[in-house]
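Hello,

Here is the structure I said I would pass on. My notes follow below it.

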Amino acid sequence: MTEVHDPLRLLMIVEHDPVVVAKSIQRSAATYEWFINNWINLVAVHPETQELYRFKSGYFEPYHTLQKDLPLLHDLKSTIESNTENLPVYLIAQP
């Protein structure tokens, strides 16, 4: 029997100029393959403008969120303990 599951990929978020990040990941062919084959999702946050750029098909493209405002989550522990499915994205409240 084969267990069916949702495939998960690592998401890396880097605060740096997307041009510099692209040059950095291209230095190693072995690790660059992880990004080019979408085994790792990569987002660069421009440090001056705070704009998001997603690495896709060999280059960074502007990324626009689907929602402007994220739901605020006050109790992370109970939310994790009470769910067996993948969670949506939340803004976690500070204690």
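Where does histidine 16 lie? Histidine 16 is in the loop between strand S1 (10–15) and helix H1 (18–25). Helices (H or I, at least four residues) and strands (E, at least two) are DSSP runs, numbered from the N terminus.

Before the rest, two notes on the source. This is a predicted model, in which local features need pLDDT of at least 70 and side-chain atom pairs count only at pLDDT 80 or more, while totals for chains, interfaces and linings use all residues. Residues are numbered from 1 along each chain as its sequence is written, and side-chain values use heavy atoms, with hydrogens and water left out.

The two histidines

Histidine 16 counts as partly exposed because its relative accessibility is 37% (buried means under 20% relative accessible area, exposed over 50%, partly exposed in between; 1.4 Å probe, protein chains only). Not counting residues up to four places away in sequence, histidine 16 touches Val21, Ala44, Val45, His46 and Pro47 (contact means heavy atoms within 4.5 Å). Histidine 16 and alanine 44 are 28 residues apart in sequence, yet 6.1 Å apart in space from C-alpha to C-alpha.

Histidine 46 sits in the loop between strand S2 (40–45) and S3. Its relative accessibility is 15%, so histidine 46 counts as buried. With residues up to four places away in sequence left out, histidine 46 touches His16, Asp17, Pro18, Glu51 and Tyr53. A polar atom of the histidine 46 side chain lies 3.5 Å from the backbone nitrogen of threonine 49.

Strand S3 (residues 52–56) and strand S4 (residues 59–63) pair in the antiparallel sense over five bridges (two strands pair if DSSP finds at least two bridges between them). Tyrosine 53, one of the residues touched by histidine 46, has proline 62 in S4 as its bridge partner. Two residues lie between the strands of this hairpin, and serine 57 takes a positive phi near 55° there.

Most residues other than glycine have a negative phi. Serine 57 has a positive phi and is not a glycine. Serine 57 is exposed because its relative accessible area is 59%. Asparagine 38 also is not a glycine and has a positive phi, of about 60°. Asparagine 38 is found in the loop between helix H2 (29–36) and S2, and it counts as partly exposed at 35% relative accessibility.

Threonine 79 lies in helix H3 (residues 76–81). Threonine 79 is buried because its relative accessible area is 12%. The threonine 79 side chain reaches the backbone oxygen of aspartate 75 at 2.9 Å. Leaving aside neighbours within four places in sequence, threonine 79 is in contact with Leu73, Leu87 and Tyr90.

Leucine 72 is in strand S5 (residues 72–73) and is partly exposed, with a relative accessible area of 48%. Together with Leu70, Val89 and Leu91, Leu72 makes a nonpolar surface patch of about 370 Å². Patches are made of residues with over 30% relative accessible area and no salt bridge, with like charges joined within 9 Å and nonpolar side chains (Val, Leu, Ile, Met, Phe, Trp, Tyr) within 5 Å. A salt bridge here is a side-chain nitrogen of Lys or Arg within 4 Å of a carboxyl oxygen of Asp or Glu. Accessible areas come from the Shrake-Rupley method with a 1.4 Å probe.

Regards

Technical notes
Polar contact = N/O pair within 3.5 Å; in protein donor to acceptor, adjacent residues only side chain to side chain.
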